[in-house]
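Hello,

Please find the structure below. My notes on what was found in it follow.

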Amino acid sequence: MLGISLQTVRARWASFAGTFIALALGVALLATTGLTLASSVGGGRKPVWYDTAAVVVAGQNSIEVVVDPGTEDEYTAGTSTNRSRPLPADLAQRLPGAIVDRWLPGNAHPWSAAALHGLPADAGPQRDDEVVVAGARTGELTILGRTFRIAGTVPGPEAVYLTDRAAEELSGGRIDAIAVPGMSAADVRKAVGDGPRLLTGDARAEAEPNPDGDLLAVAASLMGTTAGVAAFVAVFVVAGTFAFAVAQRRRELALLRAAGATPRQVRRLVLGEAIVVGVVAGLAGCAAGLLAAPPFAHSMARNGFAPSGFTAGFVWWPLLAAFGAGLLVAIIGAAVAARRAGRVRPIEALREASVEKRVMTAGRWVFGLAFLAGTAAMLIWVPVEGPEAIALVLLDAQLAITGIALFAPLLAPGAAWLTGRLLPGVTAALARDGALTAVRRTASTVAPILLTAGIAASTLAATATIWRAEADASAARLTATGVLIDPVTTPAGGVPVAHGSVYIDQDEYAEPFDALFAGPGLGRVMRVSVEPAEGTVVVGHALAESMHWRAGGTADFWLDDSTPVHLRVAGVLEPAFDLDDSVLLPWSLGPGHPDAVFLTGPAAGVEGTVLTAPEYFAALEADQRRMNDLALLTVLGMALLYTTIAIANTLVMATADRSRDLAVLRLAGTTPRQVLGMVGLEALLAAAAGVLLAWLVAGAMLLAMVPHLHTAGGADPVLVVPWTPVLTVAAVCAVVALVAALIPAALALRTPAARMAAVRE
């Protein structure tokens with residue numbers, strides 16, 4: 001059967017072109033993302049700042065959670081934090097020749113740390129308002145609200161050097177690391193005891209901040225999501241292509257059955273075709289991924305999804321995994337079609353007409369009803385669960401869209417016919433009837449458009465609506481007269497605040513949650529039922545419910561430098577969209593320098609930039625929103641690419657198969673222009689039906705979400721629909737459908753109608 005499969009693929013290469021492209025593209029994407037991920041974790045970090053120090057002393061930066069305590073399965077799960085605990089102020093006195101280092105924003109250090117790089121002692125800043133820089137910068141610099149004049153430049157790794165006194169003041173006395181150039185690790189351990197970490201060799205890099213760590217995590221998440229979408233849609237495209245091909249070849253398969261082929265042999269034939277296409281597409285995709293990985297990594301770095309200089313090299317196992325995944329996708333996608341092909345009866349070879357009698361299989365009914373039942377259950381469940389369940393609305397929308405897509409053979413023809421009902425003329429009537437009677441062709445065109453347009457509309461609109469609701473709720477909560485950003489000092493009556501994170505043991509894993517560190521008087525500038533005092537914490541409603549924290553009880557968690565804290569719960573906030581999963585902490589536990597000051601008096605005369613509440617929260621979330629939008633568009637772009645392949649492949653196969661129908665129209669007196677008009681309009685009606693069904697589902701999910709935001713938030717919700725990308729996705733689907741239908745039809749019409757009508761199947 002493999003030999004027959006090879007001959008079939010070679011004879012019907014046009015039918016398998018779309019499958020080949022989809023699989024090759026999926027394998028290329030998996031290979032590209034796999035190579036990028038493997039390159040990012042392959043070699044580890046090398047020390048840069050502490051490369052000359054024999055030993056580096058740093059605070060602990062790990063959180064350990066005991067899982068299944070007291071049982072045979074007990075183990076410890078560790079989580080590393082980006083920051084380390086501060087070192088004791090007297091620790092350096094026990095270490096002869098030790099160099100105290102403090103890490104400040106902008107890679108700023110005390111001048112004493114310049115000794116690590118052999119800089120002369122007299123080359124540093126002479127005054128507390130001066131800095132010297134390693135680099136080509138001039139003018140002034142602002143660090144934690146204080147402005148410094150650049151007094152000179154020095155060689156060495158890129159850095160900013162302050163006087164030791166200025167660095168100590170800005171850091172609040174915090175010591176981040178101590179470099180010990182001339183002592184052995186054993187001697188250092190004797191001097192410092194068992195508490196701090198002793199780092200040698202490449203491990204010294206752990207004492208250096210790793211701002212790229214979060215970016216690499218974002219990159220890994222984005223690549224994983226994109227690859228997942230690609231794999232899902234690739235299975236959908238392959239399954240649709242093989243199902244359509246089997247439907248077109250029913251008489252051919254029936255002839256094989258009449259010639260003695262068993263159902264098992266027919267199934268092996270179809271699976272053999274999938275394996276042949278999968279192997280060739282896998283090899284092509286691996287080669288393409290190997291070429292695409294370096295520029296892909298560079299583009300991620302340019303867009304802020306990865307650190308600068310991020311690149312990808314050759315690693316063999318991602319290529320092998322991508323090839324295997326592509327072959328598996330091909331087999332899975334063809335499995336249902338192979339099963340259907342095995343059920344073709346020999347008598348069907350004698351039928352002259354190929355009327356589509358049964359397009360809704362038992363599997364479509366079962367899975368379609370299951371998805372829609374899950375959608376209905378979640379619509380009932382989400383409002384009951386409270387604000388933390390808002391994210392489930394997106395999942396609900398995808399369930400509904402998938403369910404409707406499975407019922408496309410029932411819904412798509414009628415939707416296409418209704419869409420063109422008001423269009424006048426014979427051409428429009430033929431297009432409507434063609435969309436209504438060619439159920440499989442119409443459904444195969446509508447389904448990928450429905451999936452892509454529906455996911456795009458629901459995801460983009462829901463995300464924009466949630467962002468807007470959160471910003472509006474935060475702004476409505478703030479009662480301050482203004483917000484001073486990058487403050488040098490705190491004006492009289494102002495309340496300093498700093499945003500950070502804490503780690504909480506959630507489901508036996510230390511997860512980060514948002515934290516707001518505030519000075520005394522938070523209740524004067526923000527609508528909160530209770531404010532944190534020394535030794536207490538105020539908890540958001542959803543977080544308190546999940547952790548079973550109650551007012552008057554206690555809460556245990558870790559700060560962002562892994563310092564454990566045990567605080568009394570001063571109160572639990574009312575359900576609110578902006579602070580539901582956050583904690584409010586006293587200023588003494590924070591970083592020591594404010595991100596902003598909430599003002600209680602007039603902004604006139606205040607030094608610095610003062611923003612209104614909406615401006616402040618919009619600026620606070622601008623970069624995160626940009627990253628989120630880019631990530632969404634990346635994933636949706638991949639889905640749209642696969643949609644174009646599915647649409648084009650379906651219409652190319654369908655148009656080639658209906659060449660005799662087009663010839664009959666020509667012989668009946670229809671002009672080539674009228675035939676092309678009918679074909680193009682039929683494709684547009686199918687595209688419009690897909691978009692219409694997608695928007696109806698997305699609209700229903702969004703309308704279900706908005707009242708939920710109203711009950712959860714402190715401001716009236718506003719439904720935000722980013723029409724530009726939503727309409728762009730719909731327009732691209734329509735254009736692809738039109739072009740994919742017209743080009744093969746135009747090529748078919750170049751053959752004389754009499755010769756086309758005489759062509760045998």
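In these notes, buried means under 20% relative accessible area, exposed means over 50%, and partly exposed is what lies in between (1.4 Å probe, protein chains only). The model is a predicted one, in which local features need pLDDT of at least 70 and side-chain atom pairs count only at pLDDT 80 or more, while totals for chains, interfaces and linings use all residues. Residues are numbered from 1 along each chain as its sequence is written, and side-chain values use heavy atoms, with hydrogens and water left out.

Salt bridges

There are 12 salt bridges in the structure (a side-chain nitrogen of Lys or Arg within 4 Å of a carboxyl oxygen of Asp or Glu). One of them joins Arg468 and Asp472, 3.1 Å from N to O. Both residues lie in helix α13, four residues apart, which is about one turn of the helix; helices (H or I, at least four residues) and strands (E, at least two) are DSSP runs, numbered from the N terminus. Arg468 counts as partly exposed at 38% relative accessibility, and Asp472 does too, at 24%.

Helix α3 takes part in two others. Arg165 bridges to Asp128, with the closest N and O atoms 2.6 Å apart. Arg165 is in helix α3 (residues 164-171) and Asp128 in the loop between β5 and β6 (130-134), so this pair ties together parts that are 37 residues apart in sequence. Arg165 is exposed, at 54% relative accessibility, whereas Asp128 is partly exposed, at 22%. Glu169 bridges to Arg146, the closest N and O atoms being 3.1 Å apart. This pair links helix α3 with strand β8 (residues 146-153), and its members are 23 residues apart.

Aromatic pairs

The structure holds nine aromatic pairs. Rings of Phe, Tyr and Trp (its six-membered ring) pair if their centres lie within 6.5 Å; planes under 30 degrees apart count as stacked, over 60 as edge-to-face and the rest as tilted. Tyr50 and Trp103 form an edge-to-face pair, at 6.2 Å centre to centre and 70 degrees between the planes. Tyr50 is in the loop between α2 (13-42) and β1 (55-58), and Trp103 is in the loop between β4 (99-101) and β5 (108-110), so the pair ties together parts 53 residues apart in sequence. Both residues are buried. They also belong to one aromatic cluster with Trp49, Trp111 and Tyr161.

Nonpolar cores

A nonpolar core is a set of buried Ala, Val, Leu, Ile, Met, Phe, Trp, Tyr and Cys residues joined through side-chain atoms within 4.5 Å. The largest has 51 residues, of which Leu450, Ile647, Leu651, Leu662 and Val679 touch the most other members. Helix α18 gives the largest share of this core, 14 residues. Apart from it lies another core, of 22 residues, among them Val483, Val497, Val525 and Ala613.

Thr79 is in strand β3 (residues 75-80) and is buried, at 10% relative accessibility. Leaving out residues up to four places away in sequence, the contacts of Thr79 include Ile63 and Ala510 (contact means heavy atoms within 4.5 Å). Ala510 lies in strand β14 (residues 510-518) and is buried, at 1% relative accessibility. Ala510 and Ile63 are 447 residues apart in sequence but 7.2 Å apart in space, C-alpha to C-alpha.

Regards
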